[in-house]
Amino acid sequence: LELESALHKAIERDEIVLHYQPKIDVRAARMVGAEALMRWQRGDKLVPPGDFIPLAEETGLIVPLSEWALREAARQAKVWQLNFGFSDSIAVNLPNRLFERSDLVEHIHQCVSAYGVPHRAIQLEITETGLMKDLQNVIPALHRLNEVGVEISIDDFGTGYSSLAYLTTLPISEVKIDRSFVRDLGITPQSSAVVTAIIALARSLGLRVIAEGVETLRQMEVLHRLGCSVMQGFLFSKPLAPDDLERWLAQTV
Ligand code: G
Ligand code: G
Ligand code: MN
Ligand code: NA
């Protein structure tokens, strides 16, 4: 309960910050976007999301937190557009709860309008498990988001037993290969079999594919050879404070 009220105040006091992890196209050798990840600046401690997102989900505070994250990502996209010519998108992680809200699309519209960035400046990540758990609420939202130009990426892909039949009907743009498969690339044959299958599936459905959790050159090489050239992971960069990401932005343009 103490943590809950502290988190409540944290939102009001602007103690929540976004860090950004670059998404790299290794073939083009350039950054092609970034994923926003929350941290809580609590005194001189930077609290990782694992220590407060679960509580936020339980208490419902995830709703104002996520709404804030969408607005902050739009603001940041505008600043980077002005200062660095940034025209890629910032991905925001959205739990199911947000998709249950009929005003999600309207909220995103307000965020991008307020800062004068296009809708495609914001990309949404929803986990495969979350998606499949709540298709009734999520599917109509996905269609409305797609209509206004907000792209959807399916996070932790390969872990959630999604029906392929469903996937073909969903307006999604990207699948993100779960880090558990990336971790075992070059170690277990099963992992490269799964990654190969995901890449083939994505290709036949016209979806982009990105791999997360890339930590070694070996993993990078195997992914590239299998046909996935967009990656995210500690090999390239951990999630960075905005100032530090600007070093990447300065190189990109
Ligand atoms: O940044 P880090 O690896 O510590 O994040 C841990 C977990 O917290 C990840 O699973 C990530 O998806 C989740 N997370 C980080 N930021 C956000 C956010 O803004 N919203 C939601 N819903 N989850 C987040
Ligand atoms: O998919 P999700 O949103 O849960 O992933 C984001 C989390 O993954 C962040 O907490 C980030 O710190 C973490 N992460 C990013 N790159 C790597 C990596 O290369 N290895 C591992 N183990 N975790 C990573
Ligand atoms: Mn994610
Ligand atoms: Na993930």
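Ligand 1 sits among Leu37, Met38, Pro48, Pro49, Gly50, Ile53, Ser66, Ala69, Asn93, Pro95 and Pro239. The model is predicted. The shell around ligand 1 has 8 nonpolar residues, 3 polar ones and no charged ones. Ligand 2 has a shell with 5 charged residues.

**Ligand 1**
- Two elements, β2 (30–42) and α3 (62–84), each supply at least two residues of this shell.
- Leu37, Met38, Ser66 and Ala69 are among the residues around ligand 1.

**Ligand 2**
- The shell of ligand 2 counts 13 residues.
- Asp155, Gly213, Glu215, Gly233 and Phe234 are the closest.
- Besides its 5 charged residues, the shell holds 4 nonpolar and 4 polar ones.

**Helix α5**
- Helix α5 covers residues 104–115, 12 residues in all.
- The helix reaches 17 Å from its first C-alpha to its last, close to the 16 Å expected at 1.5 Å a residue.
- Leu104, Ile108, Cys111 and Val112 are buried in α5.
- These buried residues line one face of the helix, because they fall within an arc of 90° seen down its axis.
- An α-helix has 3.6 residues a turn, so residues three or four places apart point the same way.
- Glu106, Ser113 and Ala114 are exposed, on the face of α5 turned away from the buried side.

**Surroundings of α5**
- The buried residues of α5 pack against α3, α4 (96–99), β5 (122–127) and α7 (135–148).
- Helix α3, one of these partners, also supplies at least two residues of the shell around ligand 1.
- Gly116 follows α5 and has a positive phi, near 70°.

Terms used. Residues numbered from 1 in each chain as written. Chains lettered and ligands numbered in written order. Predicted model: local features only at pLDDT ≥ 70, side-chain atom pairs only at ≥ 80, totals over all residues. Near = placed C-beta within 6 Å. Nonpolar A, V, L, I, M, F, W, Y, C, P; charged D, E, K, R; others polar. Helix = DSSP H or I, 4+ residues; strand = E, 2+ residues; numbered from the N terminus. Expected span 1.5 Å × (residues − 1). Buried ≥ 20, exposed ≤ 12 C-beta atoms within 10 Å, placed from the backbone. Arc of directions from axis to C-beta. Contact = placed C-beta atoms within 7 Å.
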